[in-house]
Amino acid sequence: HKLSVAPEMDIMDYCRREWRGNTPVAIRMRKGYEAVAQKFASIRTVRGDNYCALRATLFQALSQATQLPSWLQSEKFTVLSENLLSKYDWIKQWQLKPKLDRKMGEISDEIKDCLILLRKKWKSISEIKSPIEKQEACDKLFKNEEEEYSLYEALKFLMLNTAIDLYDADKSGGTVPVFSWLLFARDTSSDPCQLMLNHLNQIGHSGGLEQVEMFLLAYALQYTIQVYRLYKYSTDEFITFYPNDPEQDWPVVTLITEDDRHYNVPVRICEESAV
């Protein structure tokens with residue numbers, strides 16, 4: 001099995017291999033990598049197949065998980081698919097990745113299985129005390145294609161659930177974060193059904209996550225996603241946070257992107273910056 005997240009390599013070795021030459025872009029990328037290398041010693045490259053934002057975020061979250069997030073512990077979590085499908089018939093058009101070796105069942109059962117798997121994996125990895133063993137467990141999971149893609153279905157479904165909550169809150173006059181207005185201001189996602197059909201169903205198939213959907217992912221997981229956007233080096237968007245005003249108690253995961261389309265993960269925090 002091919003590992004979806006490659007073994008770590010020195011971050012500056014990687015940079016020199018990828019960005020030779022003296023074009024303005026190459027120079028900017030090298031400076032961006034040098035800045036990241038002040039904090040992180042290594043990089044692990046992530047398979048690029050339109051799931052890479054989900055893959056990089058989940059890999060980082062599981063790699064540092066020490067407990068099960070409260071939303072994963074809730075009683076309602078495993079019946080989420082049944083509850084939503086009983087309210088919104090259009091969710092039947094959810095596009096599941098075809099299973100490798102069996103016929104598809106009822107959509108709510110399929111999604112429920114994905115959600116239960118997410119809880120199970122998160123729980124077992126978060127209970128591992130040894131950092132080396134935790135990393136080995138993550139590597140093993142991200143080699144198991146069937147399980148890995150089931151986890152992305154769970155994440156996408158959680159994003160849909162979060163979008164529905166935000167949409168309903170806004171319609172009933174509640175306060176919602178700014179990104180939520182932007183999400184539903186697009187012609188292609190004026191409501192949660194459109195968002196599902198034109199965006200969430202495409203993730204992993206014909207498209208990845210757009211900027212505004214990175215906010216949605218962060219809210220769905222209740223994680224702050226910190227991204228080094230290398231092509232924005234020397235601007236105030238070089239380090240971007242999703243959301244930009246995160247909750248104090250949300251854990252933080254860090255990703256690297258060269259173009260806002262493909263994401264890799266920095267690992268091994270440098271000794272100096274860890275102090």
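Trainee: Leaving aside neighbours within four places in sequence, which residues is Arg229 in contact with?

Mentor: Contact means heavy atoms within 4.5 Å. By that criterion Arg229 is in contact with Gln211, Glu237, Phe238, Thr240, Tyr242, Thr257 and Asp260. This is a predicted model, where local features need pLDDT of at least 70 and side-chain atom pairs count only at pLDDT 80 or more, while totals for chains, interfaces and linings use all residues. Residues are numbered from 1 along each chain as its sequence is written, and side-chain values use heavy atoms, with hydrogens and water left out.

Trainee: Where is Arg229 found, and is Arg229 buried or exposed?

Mentor: Helices (H or I, at least four residues) and strands (E, at least two) are DSSP runs, numbered from the N terminus. Arg229 lies in strand E3 (residues 224-229). Buried means under 20% relative accessible area, exposed over 50%, and partly exposed in between (1.4 Å probe, protein chains only). Arg229 has 5% relative accessibility, so it counts as buried.

Trainee: How many residues of E3 are buried?

Mentor: Six of the six are buried, so E3 is largely enclosed by the rest of the structure. Thr224, Gln226 and Tyr228 point one way, while Ile225, Val227 and Arg229 point the other way.

Trainee: Which strands do bridges join to E3?

Mentor: Two strands pair if DSSP finds at least two bridges between them. E3 and strand E5 (residues 252-257) run parallel and are joined by six bridges. E3 and strand E4 (residues 239-242) run antiparallel, with four bridges. Tyr228 has a bridge partner in each strand: Ile256 in E5 and Ile239 in E4.

Trainee: What polar contact does the side chain of Arg229 make?

Mentor: A polar contact is a pair of N or O atoms within 3.5 Å; within protein, one must be able to donate a hydrogen and the other to accept it, and residues adjacent in sequence count only if both atoms are side-chain atoms. Here the side chain of Arg229 makes a polar contact with that of Thr240, at 3.0 Å.

Trainee: How should I read the salt bridge between Glu237 and Arg229?

Mentor: Side chains of opposite charge can pair when their charged atoms come close. The criterion for a salt bridge is a side-chain nitrogen of Lys or Arg within 4 Å of a carboxyl oxygen of Asp or Glu. For Glu237 and Arg229 the N to O distance is 3.4 Å. Salt bridges that share partners join Arg229, Lys232, Glu237 and Asp260 into one network. Glu237 is partly exposed, with a relative accessible area of 36%.

Trainee: How many salt bridges does a search of the whole structure find?

Mentor: The search finds 17. One of them joins Lys112 and Glu82, with the closest N and O atoms 3.5 Å apart. This pair links distant parts of the chain, 30 residues apart: Lys112 is in helix H6 (residues 107-126) and Glu82 in helix H5 (residues 80-87). Lys112 is partly exposed at 24% relative accessible area, and Glu82 is partly exposed at 31%.

Trainee: Are Arg186 and Glu213 buried or exposed?

Mentor: Both are buried. Their side chains meet in a salt bridge of 2.9 Å, N to O. This pair also links distant parts of the chain, 27 residues apart: Arg186 is in the loop between helix H9 (178-185) and helix H10 (192-200), and Glu213 is in helix H11 (residues 211-221).
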